Amino acid sequence: MAQPQQPQQARQEDDLLVFPSDWADKLEEYLPPHSSCSPVRTGSASNQQDHSQDSSNGPQQQQQQQQQQQPFLTLTYAQSLDSQLSLAPGVRTTLSGAESKAMTHFLRSRHDAILVGAGTAVADDPGLNCRIGGGGGGGDVLEGKGDKGARGPALGAAPSPRPVVLDPHARWQVRDSSKVVRLARQGKGRPPWILVAKGCVDGVAAESRRAVESVGGRYLVVEGEGEGDEELRATDAADKGSRGNLCWPAILCTLAAEGVRSVMVEGGGRVIDELLALGQRHANAQASTDDDDDDGHTRAVGTATVRIDSVIVTIAPVWLGTGGVTVSPARPAATTAGPRLKEVRWVQMGEDMVLAGRMAG
Ligand SMILES: NC(=O)c1ccc[n+]([C@@H]2O[C@H](COP(=O)([O-])OP(=O)(O)OC[C@H]3O[C@@H](n4cnc5c(N)ncnc54)[C@H](OP(=O)(O)O)[C@@H]3O)[C@@H](O)[C@H]2O)c1
């Protein structure tokens with residue numbers, strides 16, 4: 001059953017979690033490579049933009065460049081049997097058992113950044129750090145340290161990923177007491193980055209900015225409206241607080257320009273819905289390009305797409321009942337199903353089932 005997390009909170013912040021190596025091995029093929037992903041980018045976002053607008057590049061080359069620049073992208077979340085993430089917007093709801101929760105922290109140890117939407121930041125006050133014991137993977141890359149491997153000696157917590165909150169309108173009131181700030185101050189998590197829309201950066205509350213910057217965090221401006229992406233919104237987008245879109249390729253480009261090579265997106269409902277829909281577009285476009293290549297023709301890829309490298313979903317044996325925050329991406333057309341996964345693997349962890357897969361075209 002879903003239970004409030006609050007009573008165990010203090011202890012949980014300090015305890016190190018253990019994730020068995022045989023489960024880790026089963027997930028390995030869905031994770032960013034240890035030593036590589038794409039090369040670390042040191043250029044600024046504006047440099048990238050200039051480059052992508054080079055008139056010598058055709059649409060296909062630009063699309064390829066965007067894909068190369070995009071960090072490895074993993075979508076991961078825990079859902080009930082009725083595809084819900086929480087009992088209601090703003091109600092923090094524990095779905096994962098101890099084993100799949102440890103998996104989430106293992107996944108965090110293998111990514112440079114972990115991203116959630118403003119709805120999750122406001123609702124959950126998340127810590128977004130890593131409490132798996134032992135060495136780490138992607139998380140240490142941003143500071144230029146070597147890759148220590150995901151399951152090194154358990155001498156302390158693995159390096160945490162960079163917490164990233166997508167908060168275009170700067171509505172998340174960050175405080176010194178916000179968990180992500182406290183953990184950064186204690187050296188148990190990295191300083192957060194908050195992604196805001198260009199037009200809203202001047203509206204960041206002074207107290208929020210001070211709290212974020214006091215631990216070395218930053219507000220990063222994302223330029224790029226998600227024009228024409230309305231059809232990607234789920235029909236209940238209004239319930240999810242939809243007030244305007246940033247373009248996902250621009251969001252990911254902004255992170256890539258800061259040296260982020262892998263991003264784990266943990267929620268919430270609106271963020272996951274949008275990315276699943278964009279990922280389906282990408283997978284379909286790839287499939288049709290492959291088909292066209294067979295007979296020597298190519299078709300232009302139209303609207304924005306996002307390459308999703310893997311999807312890892314924890315399914316808890318509980319129905320939350322009507323009224324919760326769902327994952328249910330928009331269909332491409334009334335009679336066409338939403339995205340599908342391929343190359344799937346199911347791993348039982350405690351009482352939960354973990355599904356890993358890649359987007360099918
Ligand atoms: N079970 C799990 O694994 C899990 C994980 C995470 C969260 N959750 C739950 O999910 C719930 C929150 O989900 P949610 O759907 O309400 O919120 P959400 O997806 O966390 O955040 C949605 C907000 O993010 C911003 N956003 C999303 N896409 C954007 C885009 N393309 N461009 C610009 N801004 C964008 C918008 O902020 P503005 O409104 O300011 O425009 C939007 O309202 C909470 O109850 C939380 O507990 C569960």
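The tour goes from confidence to the sheet and then to the ligand.

Before you click, note that this is a predicted model: local features need pLDDT of at least 70 and side-chain atom pairs count only at pLDDT 80 or more, while totals for chains, interfaces and linings use all residues. Residues are numbered from 1 along each chain as its sequence is written.

Colour by pLDDT (the predictor's confidence in each residue, from 0 to 100). The chain's mean is 80, and 71% of its residues reach 70 or more. Now select 227–243: pLDDT is below 50 there, yet the stretch has 22 contacts beyond near neighbours in sequence (a contact means C-beta atoms, placed from the backbone, within 7 Å).

Next, show the strands (DSSP runs of E, at least two residues; helices are runs of H or I, at least four, and both are numbered from the N terminus). Nine of them make an open, mixed sheet, ordered β6-β5-β4-β3-β7-β1-β8-β11-β10; strands pair if DSSP finds at least two bridges between them. At the edges sit β6 (218–222) and β10 (341–349). Zoom in on β4 (162–166) and β5 (193–197): they run parallel, joined by 3 bridges, and L166 has L195 as its bridge partner in β5.

Last stop, the ligand. Its shell has 37 residues, with G117, G119, G267, G268 and G269 coming nearest (the cut-off is a C-beta atom, placed from the backbone, within 6 Å). Which element gives the most to this shell? Select α6, with 5 residues.

Terms used: Contact = placed C-beta atoms within 7 Å.
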